[in-house]
Amino acid sequence: MASLVGSRVERKEDKRFLTGKGRYTADINLANQTYAIFVRSPHARASIKKLNIDKALKSSGVVSILTGKEIADDKIGGLIAGWAIRSEDGTEMKCPGNPPLAKDNVNFVGDPVAVVIAESLAEAKEAAEKVEVDYKVLKAVTSTADAMNGDTIHEGIDKNLCFDWLLGDRQKVKEAFDKADKVISIDIINNRLIPNAMEPRACVADYNAASEEITLYTTSQNPHLSRLIMSAFGNVAPEHKLRVVAPDVGGGFGSKINVYNEDIVCSWAAKKINRAIKWVAERSESFLTDIHGRDHVTHAELAVTKDGKFLGFKNETIANLGAYARVFGTVTPTYLFGPCATGVYEIPAAYTNVKAVYTNTAPVDAYRGAGRPEATYTIERLVEKASMELGIDKTELRIKNFPTAFPFKQTLVHTVDSGDYVAGMEKAKQMADYKGFEARRKESEAKGKLRGIGVTSYFEACGIAPSAAVMSLGCGVGLWESAEVRFNPTGQVTVYTGSHSHGQSHQTTFAQIAADELGVPIENIDIVHGDTDKGTFGMGTYGSRSLAVGGIAIVNACKKIVEKGKRVTAKMLEANPEDVEFKDGEFIVSKSNKKKTIGEVAFACYLPGVRDEMKSPLPEGDEPGLKETSFYDPSNFSFPAGTHIAEVEIDPETGQVKLEKYTACDDFGRIINPMVVEGQVHGGLAQGIGQALYENAEYDETGQLMTGSYMDYTMPRADNFPEFNIGYTCTHATTNPLGVKGCGEAGAIAAPPTVMNAVIDALGGQEVTMPATAEKVWKACKNLKKSNAKAA
Amino acid sequence: MKDFNYHSAKDSKEASQLASSSSAFLAGGMTTIPSMKLGLATYQDLIDIKNIKKLSGIKVSGKSVTIGAATKHVEVSNSKDVKKAIPSLSSLAEGIGDPQVRNRGTIGGSIANNDPSADYPSACIALNATIHTNERKIEAAKFFKGMFETALKKGELIEAIEFQIPEKSSYQKHPNPASRYAIVGVYVAKYKGDVNVAVTGAKSCVYNDKEMSKALSGNFSSSSINGMDLDSSEMNTDMHASAEFRASLVVTQAKKAVDAC
């Protein structure tokens, strides 16, 4: 039987997605359901002097209006940060309370203060307009760089500082810098992004008064984790009385990891009014209240010798948390960022210092890549600048500082198990025709255009994460994953995974894995996910962990099935279990060559005994049935890596940047389904290029979101991209049995510095901030013209 | 969206009679409907004019192209007659919004709305258009009064737009990267002895740039406007482009348009 792993198996989920038969949260309608509208703060920072619902209550169709007071009275818990970070001075991070409905203070535009529940959506909207809130508007803090000098947002949190964190050794870095021939320094801004999943957030909450069970359908990347948080911290219901279902979910990119105010409020309120409640975000609400991503201000320095060896690195970053610290809000700018700050290079001394600040803006949390794009942007911009200042070819300078032996113990945290960075670089150069660039540059010049080339070599730590390691660093949960493999008596297989698919094609790739492990046709395998009532538990999907962690749990559960199958076969065929081998779905006794198919064995497990022709006695000690579970805890992160090369052409008269060529050469370890991987790479690149050239979330000084719609927030479109040139090198991960590494975030991590390095190369080394909009580039072109004129 | 009364008028007369101070004509609804959904506009009555047959269609004579007010952008961009008579007008229509907008939005709606960054108003100015309403004919130069303001009176309905066929013409747009509206759009049209340079997006209302028109009437070559330093004091500034950048783009797009003629 040919292996399915590695082949372009068509997606099982496409039939329902392409024929409009997907079932998303907004598609779910329950009997007698009501509709919720949230009343949100129009101010970035204010105290609530008075909230009057009298008029609204009289509005037609209103069922109930609930506010922060009822939330507090019912002792419903607030939203939480899932990772405790300690400051350099040893003190614990400082987090404010974040009630699901604000009672006394609002801290960003969109912060909800009340929920209006009515018989129809129109009536809920009408009534919501009649809720009167008397705010005392306070001066907002909106700038990342200046947040520490602003008014105190949360009582008792000085300088709006959540923590001041250090990773690395300042003294060693100082010594390294003392020895340097040259110090390259850079000031950069990692622009704030809004995730913009295609499906806005939504939830439908239901309460069964007889069983006292709450069911919440919600747009989540991790329903089990949501249930745990809502139970343990939200006090919504005990875990066994709360069922969380995340059906088809239309994209997350990290924005659907969090439990949100609306999930908690609707679940709690459904019980209160004893009716189902439906809430679907409008796009404007998504812009205002989904978590945002990135938003760092960084100063970094690289100490080098004159022949280009890196000696030391420092990174001083201010990270904006927004108004509140949410689930991955505090780990994203620390342990997902700092350990990757030195990139793919041997740098003997390094440190990263992060000051995380509160501002009156939407909470910032994990967004595709989470911390690693920010880290990669900094080091890769710095290395590119070093190549310009040292006059060493940008690819040679990188190769000179690549590790050559693996495992590679990095200066800060990680031990990278496998990789071949030089091979990746050489292949990328060939794919991109790096040598031919100069000729292409001259062609552009002849047309009056500027052409630039940019390179990025990246690695990322994903497949998160070994539980013992992350817990020792402050994580509030273990980051293992579970799987359960169930054989039906008639031989089909249902695989339950704790991962969640919201565009990642798990239904196909996980089935490919199980089909190979069990020798069962892929048509006979179903992957089930997204429902806390189905499957044991799971930590969900983010940090490119589903395959490298969740996939391995499936492999391990399948292996347990095979082990039991061997014992059962031995008993049926009167052989020793050690003499039974398993291959392509058959158990074969090596000495006699007698065999049983896995289907026969499964059937036997459900009919243990001997009757007429049927001889299926179970071995002593084995129970009937064929179902195995695995909780897999990885021994290390996984470390995809690669080199990307971009070429841009700039029209100096209009400042427009055209991305002419984009080459991605990635090492994702073993690839399960190349078609699915291409989709992941394309999507990641689109978001990464989006950050470099188009996307930007902008607040004004009063805290109003200026880019709150697609009229002003530039989502990249297909015509913004060239045909992507994609290739791979492959070194298997040595820390998991599949040799896989993960591919979901690579594009978003590598593309921003790759594109910006190309833009800045075209501009003769002049810095521009992301996104490189036409006007910024036009100004830089004017400066370039002036300085060229001077030089001449 | 607040409730409203929907009317479908069978002719211009009925449409006009139904109009009041709290009504709006509905053609493609590309601005009206989103404005109502966002609560930025409320109307008691919407008067749908799409079913008035007389308002749709394209007629080409030796000297002019006349387009019915309810004609969709996609019909203008696909029309062989328009492509032949005024190719730049066809490509302007092809560059409006996205396929959904082009299949719903109408030329009359665009002109009546007079969005400062819409494309069609520049075509009207550059191509010496006459706006035919149910009451009168209005020269384009006197039609566009200011931001979202036109010479139309309450109840007055645009029936058709008549464009004069130029010797040469081109429309060049620097789009807003997010909305794809014009940050600056410049429509250059050359007639015997006369050149129009209509600019949209740059100021609060579309206008004919007299300085560039004069220079190009003397010498129809992009070199005659190269490096021209336009006054930016009345130009728009927003997060996507400053007035200074817009002033530069007006010249750049005008040069491109002349070169493309």
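**Exercise 1. Helix 5 of chain B**

Task: In this predicted model, find which elements of chain B the buried residues of helix 5 pack against.

Solution. 
- Step 1. Locate helix 5 of chain B at residues 87–94.
- Step 2. Pick out its buried residues: B:Ser88, B:Leu89, B:Ser90, B:Leu92 and B:Ala93. Buried here means that 20 or more other C-beta atoms lie within 10 Å of the residue's own.
- Step 3. List the packing partners of these buried residues. The helices are helix 3 (73–78), helix 4 (80–85) and helix 8 of chain B. The strands are strand 5, strand 10 and strand 11 (168–175) of chain B.

**Exercise 2. Strand 5 of chain B**

Task: Strand 5 of chain B pairs with strand 4 and with strand 10. Describe both pairings.

Solution. 
- Step 1. Take strand 4 (residues 58–60) and strand 5 (residues 64–68) of chain B. They pair in the antiparallel sense over three bridges.
- Step 2. Find a facing pair. B:Ile58 is opposite B:Ile67 of strand 5.
- Step 3. Move to strand 10 (residues 158–164) of chain B. Strand 5 runs antiparallel to strand 10, with five bridges between them. B:Val65 has B:Phe163 in strand 10 as its bridge partner.

**Exercise 3. Two domains in chain B**

Task: Work out how domain 1 of chain B meets domain 2 of chain B.

Solution. 
- Step 1. Domain 1 of chain B spans 5–164, and domain 2 spans 168–260.
- Step 2. The C-alpha centres of the two domains of chain B are 23 Å apart.
- Step 3. Count the contacts. In chain B, 19 residues of domain 1 touch 20 residues of domain 2.
- Step 4. Name the contributors on the domain 1 side. Helix 5 (87–94), helix 8 (120–126) and strand 8 (144–146) of chain B each give at least two residues. Helix 8 of chain B gives the largest share, five residues.
- Step 5. Sort that side by class. It has eleven nonpolar residues, seven polar and one charged.

**Exercise 4. Strand 14 of chain A**

Solution. 
- Step 1. Check burial. Of the 13 residues in strand 14 (residues 310–322) of chain A, twelve are buried, so the strand is largely enclosed by the rest of the structure.
- Step 2. Look at strand 13 (residues 296–304) of chain A. Its pairing with strand 14 is antiparallel, over nine bridges. A:His296 bridges to A:Ala319 in strand 14.
- Step 3. Follow the hairpin from strand 13 to strand 14 of chain A. Five residues lie between the strands, and A:Gly308 takes a positive phi near 95 degrees.
- Step 4. Turn to strand 15 (residues 349–358) of chain A. Strand 14 pairs with strand 15 in the parallel sense over ten bridges. A:Asn315 has A:Thr352 in strand 15 as its bridge partner.

Notes. Residues numbered from 1 in each chain as written. Chains lettered and ligands numbered in written order. Predicted model: local features only at pLDDT ≥ 70, side-chain atom pairs only at ≥ 80, totals over all residues. Helix = DSSP H or I, 4+ residues; strand = E, 2+ residues; numbered from the N terminus. Pairing = 2+ DSSP bridges. Domains from an automatic or database assignment. Contact = placed C-beta atoms within 7 Å. Nonpolar A, V, L, I, M, F, W, Y, C, P; charged D, E, K, R; others polar.
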